[in-house]
Amino acid sequence: MNLLITQLRPATFEDCDEIYEVHRLAVRYTCLHAYTPAILNAWLQLLNVEGYRAAIQSNHKTLWVIEYKHRISGFFLLDFQEAQLDALYVHPFLHGKGLGTALLQRAETLCLQADLSILSLYASTNSTSFYELNGYENLGEAVMPFNADISANCSLMRKFL
């Protein structure tokens, strides 16, 4: 892990605005070449601060953040009930610094601590290679609906822990 990572911790209500900003920037810029503007706009319309607050309050989900140079620079959302990584995003200007890997490793550790032996996720087209490098198996294409008219191709992936 990079020495400038200042903290990897559970999210708080006070973090939700920064999480939203990281999420918005990651979708807008990291996925720019993988999806059409219509798909990106539909995706962005689904993001809201209340969703992060609901995850923090959930009994079967956990939301964690990673700080880099004392700013929230990434996060993951894990659903224990579904054994699914619902989200993992890093600020687009901070890729390649180990933040995504640190987040993923923490999510996997939390799964093991919860006696889960598998973790699944839906990976955006641009992120499948990251998950494959971290030992995830691509089970094939899937479709993620954003609204009644717009959906995006993605990959269903899993890892036995």
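Buried means under 20% relative accessible area, exposed means over 50%, and partly exposed lies in between (1.4 Å probe, protein chains only). Keep that scale in mind for the views below. This is a predicted model, in which local features need pLDDT of at least 70 and side-chain atom pairs count only at pLDDT 80 or more, while totals for chains, interfaces and linings use all residues. Residues are numbered from 1 along each chain as its sequence is written, and side-chain values use heavy atoms, with hydrogens and water left out.

**View 1. Tyr-131 and Tyr-136 form an edge-to-face pair.** Rings of Phe, Tyr and Trp (its six-membered ring) pair if their centres lie within 6.5 Å; planes under 30 degrees apart count as stacked, over 60 as edge-to-face and the rest as tilted. Here the ring centres are 5.7 Å apart and the planes stand at 75°. Tyr-131 is buried, at 6% relative accessible area, and Tyr-136 is buried too, at 4%.

**View 2. Trp-64 and Phe-76 make a stacked pair.** The whole structure holds seven aromatic pairs. In this one, the distance is 6.2 Å centre to centre, with 5° between the planes. Trp-64 sits in strand S2 (residues 61-68) and Phe-76 in strand S3 (residues 71-79), so the pair ties together parts that are 12 residues apart in sequence. Strands (E, at least two residues) and helices (H or I, at least four) are DSSP runs, numbered from the N terminus. Trp-64 is buried at 10% relative accessibility, and Phe-76 is buried at 0%.

**View 3. Tyr-35, Trp-43 and Phe-146 form a cluster.** Ring pairs link these residues.

**View 4. Helix H1 (residues 16-30) crosses helix H3 (residues 49-57).** Two packed helices are described by the angle between their axes and the distance between the axes. The axes of H1 and H3 come within 9 Å and cross at roughly 120°; axes are lines fitted to C-alpha atoms, for helices over the stretch in contact, and angles run from 0 to 180 degrees between N-to-C directions. On the H1 side, Cys-16, Asp-17, Ile-19, Tyr-20 and His-23 meet Val-49, Tyr-52, Arg-53 and Ile-56 in H3.

**View 5. His-23 lies in helix H1.** At 8% relative accessibility, His-23 is buried. Contact means heavy atoms within 4.5 Å. Leaving aside neighbours within four places in sequence, His-23 is in contact with Leu-47, Tyr-52, Phe-75 and Tyr-89.
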